[in-house]
Amino acid sequence: MTKNLVIVESPAKAKSIGKMLGKNYKVIASLGHVRDLPKSRLGIDIQNNFEPEYITIRGKGPLVNNLKKEAKKSDNVYLATDPDREGEAISWHLANLLGIEKNAVCRVEFHEITKETVKKSIKSPRMLDENLYNAQQARRVLDRLVGYKISPILWKKVKKGLSAGRVQSVAVKLICDRENQIQEFIPEEYWTIKGYFKKENGEIVEAMLTHYLVDNKEEKLNIKNETEAKNILNELSSNINLVSEIKETKRKRNPYPPYTTSTLQQDASKKLGFASRKTMMIAQQLYEGIDIKGEGITGLITYMRTDSTRLSSEAVEAAKKYIIEMFGKEYSNGGNTYSKKTNKDAQDAHEAIRPTHLNLSPDKVQDSLTKDQFKLYKLIWDRFIASQMSEALYDLLTVKIKNGDYIFKANGSILKFSGFLKVFSSLDEESNDVIIPKLDIGEILDLSKYEDKRNFTQPPSRYTEASLIKTMEELGIGRPSTYSPTISTILARGYVMLEKKSFYPTELGDLVNDILTNYFSEIINEEFTAQLESQLDAIAEGELNWVKVIEDFYDKFEKALSVAEKEIEKIEVKEEVSDEICEKCGRNMVIKIGKYGKFLACPGYPECKNAKPIIEKIGVKCPKCEDGEIIKKRDKKGRLFYGCSNFPKCSFVSWNEPVSKKCPKCGGIMVIKQTKKNNYIRCTNDECGYNENI
């Protein structure tokens with residue numbers, strides 16, 4: 001007879017924990033949720049306090065029967081699903097199916113999966129937390145009501161297959177609103193003037209014209225057009241250039257706090273190019289346990305769904321010892337604590353994401369990890385160690401050069417002490433020194449040249465995965481467990497597209513967003529969604545009744561549904577007819593919008609089911625076979641890449657857009673690379689490394 005049965009969610013976690021607990025424990029995976037609302041109907045009794053109708057998920061009957069059998073044979077049953085609301089709900093449903101009393105001391109939480117923590121946690125189980133379960137249940141009911149009540153209206157008024165979601169629809173709204181801002185943006189012209197001033201010894205000082213003196217007070221200078229710029233240049237040429245002010249200051253740059261789910265997803269996107277879904281999948285692997293050579297199976301990071309920056313005192317002390325040993329006492333700040341949360345309603349149940357063992361450095365475990373696991377683990381490791389290090393110290397120098405009533409400014413900075421930057425300098429914030437030659441007040445500089453430049457104000461940038469997650473977090477939309485699924489859902493529904501790492505709304509997304517914002521504006525908006533998230537947090541804390549929250553929501557929602565049913569007129573989604581002839585039936589094919597964007601389909605469906613991708617050429621011959629043309633393609637996840645039109649004869653593919661020009665250094669293939677600061681083309685031959693600015 002098994003003495004102790006432990007139920008977790010995933011087989012990988014079951015394997016890890018099973019080896020740590022030993023032969024007196026049997027660890028089985030539930031494979032996620034075992035019960036849920038039925039897919040074929042609403043499954044919520046609106047008239048009876050919104051009572052959910054839970055059923056065993058199709059296909060999980062044998063698994064549930066096996067769990068019941070194992071539970072009967074066991075002296076103790078421990079429910080050890082993930083330590084969050086979702087995990088609490090799975091444990092609650094398991095307890096219901098297995099006949100475990102709700103006040104039984106059976107719930108175990110593993111915030112990290114290491115031998116010490118697992119053994120310690122299994123000895124201190126608790127009762128199931130009804131408040132946490134009700135918070136998750138309220139979210140599930142809210143999402144079901146929105147999805148199953150609005151979607152039929154979209155089917156009836158627009159077309160079948162459309163759907164709406166409470167949080168997802170707000171994410172689409174953010175992307176559509178940003179696109180509207182970009183389209184409506186009117187660029188304004190402005191000019192800048194840069195001066196290159198020469199010292200007697202020939203050294204050059206670069207400074208920007210920034211201010212103008214009015215009654216001996218500095219006013220910010222705004223040069224609107226070329227005429228103004230030329231007039232200023234004429235005035236400048238008749239005056240001397242005098243060093244009027246030299247200001248030396250020191251600046252401290254504080255380390256970043258350790259990662260939360262949101263900041264990890266943002267940095268993994270910006271620095272590693274990982275989609276949020278990929279980041280969470282790899283983080284789950286690192287949390288659940290990796291077979292480390294010489295160590296056995298161990299979880300390398302703490303639980304990866306958290307919006308807290310809190311660290312345990314043990315972790316802080318371990319980091320302090322590590323930093324002093326590896327870098328010296330001056331690099332330790334004595335133990336930084338981070339209590340500030342990402343928003344006022346953030347949950348503080350977990351620590352921040354951090355390594356579990358500082359003796360398992362990335363370099364030490366690299367051979368046991370995949371390439372992507374190593375990249376993410378190193379990112380988490382470096383961020384945690386840096387969070388416990390001293391500030392970086394800079395010497396700043398500001399120089400003003402006076403020309404008549406015009407003021408030029410030059411800013412210099414020298415990194416005097418690297419502090420936390422020794423292990424964690426952001427890839428897009430390189431700390432390069434900007435050195436200004438030694439100057440004296442009253443020194444007169446010769447003019448080397450002026451450089452005037454025409455500029456235009458820029459519209460706001462389109463959302464990337466990183467910036468969308470950051471915005472959702474700042475607005476209080478969703479929680480750590482929902483950012484990644486939300487993005488995956490809006491991409492899968494075809495409401496938005498991700499092209500060159502930026503989100504664009506599709507025509508379908510614009511259409512659905514217009515309907516939802518016009519008829520459900522009080523519900524599908526940022527403020528109301530954030531308010532609901534706060535109420536869900538309050539339910540989890542036992543401060544609000546979940547049924548009351550749903551009642552208040554539904555009262556408003558039901559009125560909006562009634563208006564939408566009456567007022568939304570049937571919208572004919574006109575399909576654009578193409579010149580392409582269907583080779584199967586001879587009709588002109590039409591352009592449709594699907595999961596991965598536009599494609600060609602025969603209008604004779606269902607009699608004729610012919611469909612094919614739209615071939616979009618970029619005007620570049622294939623650099624490999626030189627016979628075909630480069631065309632845009634999408635993979636199964638909807639990601640854009642470039643391939644040869646002669647596929648499969650020619651196998652050329654590239655994530656980056658190829659150009660016609662061959663590498664002047666090695667003759668290799670050149671592709672476009674984009675960064676925040678500039679675009680450039682580079683050779684794909686890593687041994688060559690040639691690149692040039694566009």
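**View 1. Aromatic ring pairs in the predicted model, with Trp-92 and Tyr-133 as one of the pairs**. The count of aromatic pairs in this predicted model comes to 18. The rings of Trp-92 and Tyr-133 have centres 4.7 Å apart and planes at 10 degrees, and because planes under 30 degrees apart count as stacked, this pair is stacked. Trp-92 belongs to helix α3 (residues 85-98) and Tyr-133 to helix α5 (residues 130-157), so the contact ties together parts that are 41 residues apart in sequence. Both Trp-92 and Tyr-133 are buried.

**View 2. The edge-to-face pair of Phe-641 and Trp-655**. Here the ring centres of Phe-641 and Trp-655 are 6.1 Å apart, with 70 degrees between the planes. Phe-641 lies in strand β27 (residues 640-644), whereas Trp-655 lies in the loop between β28 (653-654) and β29, so the pair ties together parts that are 14 residues apart in sequence. Phe-641 counts as buried at 17% relative accessibility, while Trp-655 is exposed, with a relative accessible area of 52%.

**View 3. Arginine charges over tyrosine rings**. The charged end of Arg-178 sits over the ring of Tyr-463, at 4.2 Å from its centre, and Arg-251 lies over the face of Tyr-394, at 4.9 Å from the ring centre.

**View 4. An open, antiparallel sheet of 4 strands**. The strands follow the order β29-β30-β31-β32. At the edges stand β29 (658-662) and β32 (691-693), each with a single partner strand, so one side of each is left without a neighbour in the sheet. Strand β31 (residues 679-683) is joined to the antiparallel β32 by 3 bridges, and Ile-681 stands opposite Glu-692 in β32.

Notes: Residues are numbered from 1 along each chain as its sequence is written. This is a predicted model: local features need pLDDT of at least 70, side-chain atom pairs count only at pLDDT 80 or more; totals for chains, interfaces and linings use all residues. Side-chain values use heavy atoms; hydrogens and water are left out. Two strands pair if DSSP finds at least two bridges between them. Helices (H or I, at least four residues) and strands (E, at least two) are DSSP runs, numbered from the N terminus. Rings of Phe, Tyr and Trp (its six-membered ring) pair if their centres lie within 6.5 Å; planes under 30 degrees apart count as stacked, over 60 as edge-to-face and the rest as tilted. Buried means under 20% relative accessible area, exposed over 50%, partly exposed in between (1.4 Å probe, protein chains only). A charge sits over a ring if NZ of Lys or CZ of Arg is within 6 Å of the ring centre and within 35 degrees of the ring normal.
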